[in-house]
Amino acid sequence: MPASAVRIRDLRKTFGAVEAVAGIGLDIGDGEFFSMLGPSGSGKTTVLRLIAGFERPTAGTVELGGRDVTGLPPFERDVNTVFQDYALFPHLDVLRNVEYGLKVRRVPRARRRERALEALRGVRLDGLEARRPAELSGGQRQRVALARALVNEPRVLLLDEPLGALDLRLREEMQVELKAIQRRAGITFVFVTHDQQEALTLSDRVAVLDRGRIEQVGTPAEVYEHPATPFVAGFVGTTNRIGGVCVRPEKIRVAAPAGAGDGPGDDGRRGERHALGTVAEVAYAGAVTRLVVDLESGDRVVALQQNLGTSSDAMRHRGARVRITWHAAHEFQVDAGSARAHAP
């Protein structure tokens with residue numbers, strides 16, 4: 001069995017009385033885009049720093065390509081890190097920023113120039129070699145930081161919230177760009193973020209962390225469609241609880257009641273469920289309308305309805321009586337006593 005790009009076992013880190021990482025294990029494959037997702041304080045950045053060597057673990061091991069690097073300093077590990085602030089040298093132009101790591105490693109001038117130009121082409125910045133960081137946009141600076149990391153040809157690239165300083169539109173553009181860069185480079189990316197949508201968009205697999213522990217590891221679809229714990233169900237997207245089951249908002253359809261006798265129940269033949277309620281809140285969000293519905297059962301649910309027309313139906317207005325419908329195949333259950341998913 002080939003060695004994983006990153007393998008951590010029983011990894012633990014404490015800061016005084018605070019347990020930031022609580023004995024986790026994880027395997028990340030070669031060429032994988034792997035994200036660690038969690039709220040502030042979940043331990044995701046600490047795990048990244050332990051992989052990079054910026055922190056020493058209280059217990060456990062870190063392996064890179066089958067080599068135990070637990071006790072090695074950062075410069076002896078085959079990784080590079082891209083930070084949120086990019087950490088570019090303001091007095092150097094783009095080309096010399098990208099060349100810097102190669103210069104420290106005493107790569108001959110002609111060779112480092114060739115590799116730096118190739119790295120800039122890989123992030124679509126060729127032609128901007130002579131500019132200073134202050135003359136670049138936020139997205140361009142982010143790509144310079146990526147080129148500077150990739151030019152060293154690390155086995156693993158670690159990215160600590162690298163898109164966090166960008167505005168929404170540029171952030172979405174750079175998500176697409178970052179995934180394309182990773183595919184072209186063919187190396188392992190380990191990406192830290194608190195943004196659920198970002199993790200789902202970019203990743204081959206996601207680890208969801210909370211309070212220093214891994215709650216679940218899986219593909220974006222597995223984590224979203226089949227959350228393993230109540231925390232994952234609540235943190236990754238919005239989850240409705242209807243009776244004893246959970247349903248995502250986009251799986252719920254809202255319509256006017258079929259008739260005075262229409263009541264809660266299900267159609268066993270078609271596998272559909274339905275319930276009656278009243279629209280408590282309406283929020284127009286451009287592409288979708290967000291409806292908050294108070295059901296007769298006492299549950300409150302959120303439904304997302306795509307805005308296909310030019311105006312909202314009268315039944316969508318606050319106070320309207322509605323019938324919600326969902327399919328049994330879209331239900332899932334989360335056991336409140338579920339054990340956290342420690343990988344592997």
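In which sense do strand β15 and strand β16 pair, and over how many bridges?

Analyst: This is a predicted model, in which local features need pLDDT of at least 70 and side-chain atom pairs count only at pLDDT 80 or more, while totals for chains, interfaces and linings use all residues. Residues are numbered from 1 along each chain as its sequence is written, and side-chain values use heavy atoms, with hydrogens and water left out.

Strand β15, residues 272–284, and strand β16, residues 288–295, pair in the antiparallel sense over seven bridges. Strands here are DSSP runs of E with at least two residues, and helices are runs of H or I with at least four, both numbered from the N terminus; two strands pair if DSSP finds at least two bridges between them. Within this pairing, glutamate 281 stands opposite valine 292 of β16. The hairpin that β15 and β16 make has three residues between the strands, and glycine 286 in that hairpin takes a positive phi near 80 degrees.

Strand β16 also pairs with strand β17, residues 300–306, to which it runs antiparallel through seven bridges. The hairpin of β16 and β17 has four residues between the strands, and here glycine 298 takes a positive phi near 105 degrees.

Elsewhere, four strands form an open sheet with antiparallel pairing, in the order β2-β1-β4-β5. Its edge strands, each pairing on one side only, are β2 (18–28) and β5 (67–68). Strand β4, residues 59–64, pairs with β5 in the antiparallel sense over two bridges, and leucine 64 stands opposite arginine 67 in β5.

The UniProt record, an unreviewed entry, places a feature named "domain: ABC transporter" at residues 6–236, although such annotations may be inferred rather than shown by experiment. In the model, that span is 36% helix and 26% strand, and its end C-alpha atoms lie 25 Å apart.

A nonpolar core is a set of buried Ala, Val, Leu, Ile, Met, Phe, Trp, Tyr and Cys residues joined through side-chain atoms within 4.5 Å, where buried means under 20% relative accessible area, exposed means over 50%, and partly exposed lies in between, with a 1.4 Å probe and protein chains only. The largest nonpolar core has 35 residues, of which Val98, Leu146, Leu157, Leu159, Leu178 and Phe189 touch the most other members. Helix α4 (138–150) is one of the elements that give two or more residues to this core, and α4 gives the most, with six residues. Leaving aside neighbours within four places in sequence, phenylalanine 189 is in contact (heavy atoms within 4.5 Å) with residues including Phe33, Leu157, Leu159 and Leu178.

Rings of Phe, Tyr and Trp (its six-membered ring) pair if their centres lie within 6.5 Å, and planes under 30 degrees apart count as stacked, over 60 as edge-to-face and the rest as tilted. By this rule there are five aromatic pairs. Phenylalanine 231 and phenylalanine 235 have ring centres 5.4 Å apart and planes at 10 degrees, so this pair is stacked. Both lie in helix α8, residues 230–235, four residues apart, about one turn of the helix. Phenylalanine 231 counts as partly exposed at 21% relative accessibility, whereas phenylalanine 235 is buried, with a relative accessible area of 15%. Ring pairs also link Phe33, Phe189 and Phe191 into a cluster.
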